[in-house]
Amino acid sequence: MSTPTPETAQAPARKLEIGRVGESARRVDAIPKVAGEFAYASDLFAAEMLWGHTVRSPHAHALIRAIDTSKALGMPGVHAVLTHEDVPGAKRYGLEFQDQPVLAFERVRYYGEPVAIVAAEHPEQARRAAEAVHVEYEELDPITDPATAPDREAIHPEAWTQGHGYRDDPRPNVVRSIVIRHGDPDAQGDVSVEGTYELGIQDQAFLGPESGLAVPDGEGGVDIYVATQWLHVDRDQVAPCLGLTPNRVRIHLAGVGGAFGGREDLSMQIHGAMLALHTNRPVKFVYNREESFVGHIHRHPARIWMEHRGNRDGKLVAVHAKILLDGGAYASSSTAVTSNAASFACGPYAVPNAHIEAECMYTNNPPCGAMRGFGSVQSCFAHEAQMDKLADALGIGRIDFRERNALGPGDVLPTGQIVTGSFPVADVIKRCAEIPIPEPEELPRDPIRLPGGAGNTTRGEGVRRGVGFAVGFKNICYSEGFDDFCAARVRLFADADGELVAEVYSAAAEVGQGVVNVMAQVARTELDIENVVVAPHSTDAVASAGSSSASRQTWMTAGAVQLACQEVRSELARRGGKLELGDEIDAERVYRHARTFPLDPDTGQVVGGDKAHVAFACSAMRVVAEVDVELGLTRVVWIGTAQDVGRAINPQAVYGQIEGGTAQGLGLALMEEIQTKDGLITNASFTDYLIPTALDMPPVVSELVEDPEPDAPYGAKGVGEPPTVVSTAAIVAALRAGTGRDLTRVPVRPDEIVGL
Amino acid sequence: MKIDLTVNGEKRDADVWAGESLLYTLREQLGLPGSKNACEQGECGSCSVLLDGKLVCACLVLAAQADGHEVVTVEGLGEEGELHRVQEAFAETGAVQCGFCTPGLIVATVALLEEKPDPTDDEVREALSGNLCRCTGYAKIFDAVRTAAAAGAETSAGAETDAGAGGEAAENGASY
């Protein structure tokens, strides 16, 4: 069977120039990326290609009375207009629960929900035809408040997420509710502090919009070239909806312009394939920015109440927490986000007694799911504000108080799991606290280094300086009994000069984090050869690598490539250490981490085994900020951080992850929020949804704390999420210090800084 | 309508419709997808190109406006088969992660260094503030700009025996 290959579907196979495990190495894909030659999903091209466009709901909640495609079908260049009636197989899909329609039928549940799809010769023809599709709606009152959602009619009467081993909660619109009871929650301390904290909806805002190209294979199957985070789970969601067996749907990784969780769920995959199979032509989708904002899930907004009790000896006694998450219209990965928010609600501290409740609701707000930090970001913002309050109430230094209560190996988490392996919380606190803080900069100075910046709003009269500190942690790898594995394949052969060359195959999604370097650096280290080529990533060449998420891909892929290399090395030894031209050794191996176990639905305690989470990574951060207390403007001046990385496989890339992850937390602290009115997104553009620019980011001084994780290949932990978990909390702590105000909501708005 | 323009030193022509952006023409008609389409509203800088030597967002320039003008994209920066020193610097310093913003940032950096061969840190931050990057937090991008400025100073030191600029750039790096 020959599959037509798009002309620029994959970057050419690449030869690594430098780097083994532990060395800062140039990215395998750096040269094509700086030359403008790296093929992102939106750059793909195929002969006879059509352009797809999506008709989306203008309502947050409405019944669909009728869909009339006739006018659109008659427009110039239009080849197809498809609706739910044209979905060949299953009508619904989903990452964990199949609750989301491929194309809406009967009703729409959120603003921007796909209702019909169009293919035309030119993208402008496709856009205009999409506008001409007439959908008759009967508007319904949208459910937009998660707190009262259980009192309203069910958005999904099917209650898709119930009966999966979670706590039985029969209230309408509950996605998942969790209670964790640990020790004696009634235990009283000398002092108690409480607070309520809120986080707005954050968007991943990756720069490369959702894009892909679906190419019919001429035999009823389809090849999909797409920017995604998990090729195989895309395939397993796409194939049933197309009514095809999985082997007839091949998913190939196209260049990914950032992900951060926002590409875990499907976007154009099924739509592109439906149009390609219907028209028998390749079909390309490229979302515009507005569509991208409505076309993927977001970080869950949260409302969190916490009470912390402590004793004058400087020890935490008990933590009580109630966490409410808004899951939006579809489940996505909300159940796991809810579990994380609950599991990490106490922070990386030894807490002997706790009562934690977390619940996530279906609403008609934008759907929420995975974003870097995944539930821990929300909890960290709350528990770190509480730790400052309690330290102050006890009259103990804030950093000292954290160090006294730092979790470590042998301590028990509220879920009953005993911490094992590497978890140097006290070390990251100490190392971070030792980084020297810059002296205050004198006035007058260039306004670009004042709050308000180039806006030239102040000469510094109302500017105050504040210093904040925070610590956060998160699980590494999938949890709660998920059967996780990762495959890799290594092919060793001799080239024409007699030199050994290894090709590494993996379906791990390179989303910018640098897993291609992990693959290459591990293979060079294990095989002790120079010539290593990273092959294109596809479901066709190798089994699943699992998702590039949960800070798991470095650990898992390093493990799989290491195993495959060990097999290749043994076979090479059996053959006398040499290969002749034409000989080859080809080995595929699967890596698994230690088994995890679910939480008891009623007590939140690990059942059936010792752990719900594989491992943890922690991070401490100190922030110097300036606030203009008259104008409500802020400037983060300096950030110092120490992060537990296990062992750095490519230190340059690790520093890059820390700096980038910190920037996303800064965005949530200061500016980023998807705003909605009655469920409708009102700021779906980079004009209105602001992300940090070069002027917003301060220098970040990072210390890598290398305490190798005994269970992980090379001791390496994932490093992408901890900086995002901790930085929002640390930055707002600095703003509180500068303003003297509580600042309980992020992003912090100017009126809150001024006290309006 | 028919337009004639010079792209990366070559005479090109294209048949464009009235509403077509220069970015669309470059990417979809002239086979130059290096300039990226991240917002198409002039907010992110991913489509930055040089139009008659000036930095512009190709998404905000109509293709028709480029008729008779000269465009340089990321694909046309280096000499014959070699990378431009700014491209080299981005690759070496780790300024590239997903890389989607990279072409625009590289073109913007080339424009900056053309105007100011030895920019201060504040000048770099201001000059690049129209180019969004979601992956790096900008620190390694600033490293890349300093590295490229130092490399440029070395080159011009070779040509003009002026060694001062390289030293200053390195000092800026250390103070940051």
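**Note on a predicted two-chain model**

1. Helix 11 (residues 515-527) and helix 12 (residues 553-574) of chain A pack at an angle of about 30°, and their axes are 9 Å apart. Angles under 35 degrees count as roughly parallel, so helix 11 of chain A is roughly parallel to helix 12 of chain A. The crossing of helix 11 and helix 12 of chain A is right-handed.

2. Which residues of helix 11 of chain A meet helix 12 of chain A? They are A:Val515, A:Val518, A:Met519, A:Val522, A:Ala523, A:Glu526 and A:Leu527. Their partners in helix 12 of chain A include A:Gln553, A:Thr557, A:Val561, A:Cys565 and A:Arg569. By class, this contact between helix 11 and helix 12 of chain A has 10 nonpolar, five polar and two charged residues.

3. Next, helix 8 (residues 376-394) and helix 14 (residues 722-739) of chain A. Their axes are 8 Å apart, and the packing angle is about 35°. Helix 8 of chain A crosses helix 14 of chain A in a right-handed sense. From helix 8 of chain A come A:Ser376, A:Val377, A:Cys380, A:Phe381, A:Glu384 and A:Asp388. They meet residues of helix 14 of chain A, among them A:Val725, A:Thr728, A:Ala729 and A:Val732. The contact of helix 8 with helix 14 of chain A divides into eight nonpolar, three polar and two charged residues.

4. The crossing of helix 4 and helix 5 of chain A is right-handed. Helix 4 of chain A contributes A:Asp234, A:Val238, A:Cys241 and A:Leu242. Helix 5 of chain A answers with A:Gln269, A:Ile270, A:Ala273, A:Met274 and A:Leu277. The contact of helix 4 with helix 5 of chain A has seven nonpolar, one polar and one charged residues.

5. Now the domains of chain A. The assignment gives domain 1 (15-38 + 485-591), domain 2 (42-141 + 209-256 + 263-295), domain 3 (149-189 + 306-368) and domain 4 (378-437 + 449-476 + 610-754). The C-alpha centres of domain 1 and domain 2 of chain A are 34 Å apart. Between them, 16 residues of domain 1 of chain A are in contact with 14 residues of domain 2 of chain A. On the domain 1 side of chain A, five of these residues are nonpolar, nine polar and two charged.

6. Chain B splits into domain 1 (2-76) and domain 2 (85-175). How many residues of domain 1 of chain B are in contact with domain 2 of chain B? There are 13, and they touch 11 residues of domain 2 of chain B. Strand 3 (residues 48-51) of chain B gives the largest share of the domain 1 side, three residues. By class, that side of domain 1 of chain B has seven nonpolar, five polar and one charged.

7. The two chains meet. Here 48 residues of chain A are in contact with 42 residues of chain B. On the chain A side, the elements that give two or more residues are helix 1 (30-35) and helix 13 (651-670) of chain A. Helix 13 of chain A gives the largest share, seven residues. The chain A side has 24 nonpolar, 15 polar and nine charged residues.

8. Most residues other than glycine have a negative phi, and most peptide bonds are trans. The peptide bond from A:Leu443 to A:Pro444 is cis, with omega near -10°. A:Pro444 sits in the loop between helix 10 (425-434) and strand 19 (463-476) of chain A. A:Val746 and A:Pro747 are also joined by a cis peptide bond, with omega about -5°. A:Pro747 is in the loop between strand 29 (745-746) and helix 15 (750-754) of chain A. A:Asn173 is not a glycine, yet has a positive phi of about 70°. A:Asn173 lies in the loop between strand 9 (134-139) and strand 10 (174-182) of chain A.

9. Last, confidence. The model scores ipTM 0.96 and pTM 0.95. Chain B has a mean pLDDT of 90, and 89% of its residues reach 70 or more. Residues 161-176 of chain B have pLDDT below 50. Beyond near neighbours in sequence, this stretch of chain B has 24 contacts in the model.

Definitions and conventions: Residues numbered from 1 in each chain as written. Chains lettered and ligands numbered in written order. Predicted model: local features only at pLDDT ≥ 70, side-chain atom pairs only at ≥ 80, totals over all residues. Domains from an automatic or database assignment. Contact = placed C-beta atoms within 7 Å. Nonpolar A, V, L, I, M, F, W, Y, C, P; charged D, E, K, R; others polar. pLDDT = per-residue confidence, 0-100. Left-handed = near helix turned anticlockwise from the far one by under 90°. Helix = DSSP H or I, 4+ residues; strand = E, 2+ residues; numbered from the N terminus. Axes fitted to C-alpha atoms, helices over the stretch in contact; angles between N-to-C directions. Parallel < 35°, antiparallel > 145°, perpendicular 65-115°, else oblique.
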